[in-house]
Amino acid sequence: MEIFKQNQLLKRVVLVLVALNLLLIGMVLFNPSKPERNRSYNDNERLILTLKKELSLNNEQCEEMRDIRNKFFENEERLRTIIRVERDSMNGFIFNDSVNVNRANECAIRISNYMYEMESLRIRQAQELMTICTPEQRKKFNLLNREIKDYFKPIKNDQRPPR
């Protein structure tokens, strides 16, 4: 009789473990906050917190920096999408049976103009970030600039350089 009770207990344990595994797989597959989607937000937040610590920023300055960075990322994403579409069009002209060099060159010019616009966004973002800082914070920010850029740069296997 004891053997049947043990089998029954084992069956129940296996059933519970299978149910938990299926639940876990479902959560992983259908999770709306996948790491790829939140990576830029996490990096942005880490940068703001690092700047707050290193530059002794107050909460108001941090919020202004978040707003500036978020606007920058929205505009940058819009431009990246446009550039991707333009490159696809250019590739269509280049790899077509009858290569249309003039249309491909026009696409290349538009792409370079959008790239210029993206770099201009970076310059404006830097200017806006610097206006938030006090003169003392600007000096520290200038010194931290290269270190921060290298520290927050994506690296294979997420290995960051030592601080």
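A disulfide is taken here as a pair of cysteine sulfur atoms within 2.5 Å. By this rule the model has zero disulfides. The structure is a predicted model, in which local features need pLDDT of at least 70 and side-chain atom pairs count only at pLDDT 80 or more, while totals for chains, interfaces and linings use all residues. Residues are numbered from 1 along each chain as its sequence is written, and side-chain values use heavy atoms, with hydrogens and water left out.

A nonpolar core is a set of buried Ala, Val, Leu, Ile, Met, Phe, Trp, Tyr and Cys residues joined through side-chain atoms within 4.5 Å. The largest has 13 residues, of which L51, L55, L57, M65, L129 and F141 touch the most other members. Two or more residues come from each of helix 2 (35–55), helix 3, helix 4 and helix 5 (135–151), helices being DSSP runs of H or I with at least four residues, numbered from the N terminus. Helix 2 contributes the most, four residues. Another core, of ten residues, lies apart and includes F72, I83, M90 and A104.

L57 is in contact (heavy atoms within 4.5 Å) with L51, K52, C62, M65 and Q137, leaving out residues up to four places away in sequence.

The axes of helix 3 (residues 59–94) and helix 4 (residues 101–132), lines fitted to C-alpha atoms over the stretch in contact with angles from 0 to 180 degrees between N-to-C directions, come within 9 Å and cross at roughly 175°. Helix 3 is therefore roughly antiparallel to helix 4, a label for angles over 145 degrees.

Key: Parallel < 35°, antiparallel > 145°, perpendicular 65-115°, else oblique. Buried < 20%, exposed > 50% of the residue type's maximum accessible area, 1.4 Å probe, protein only.
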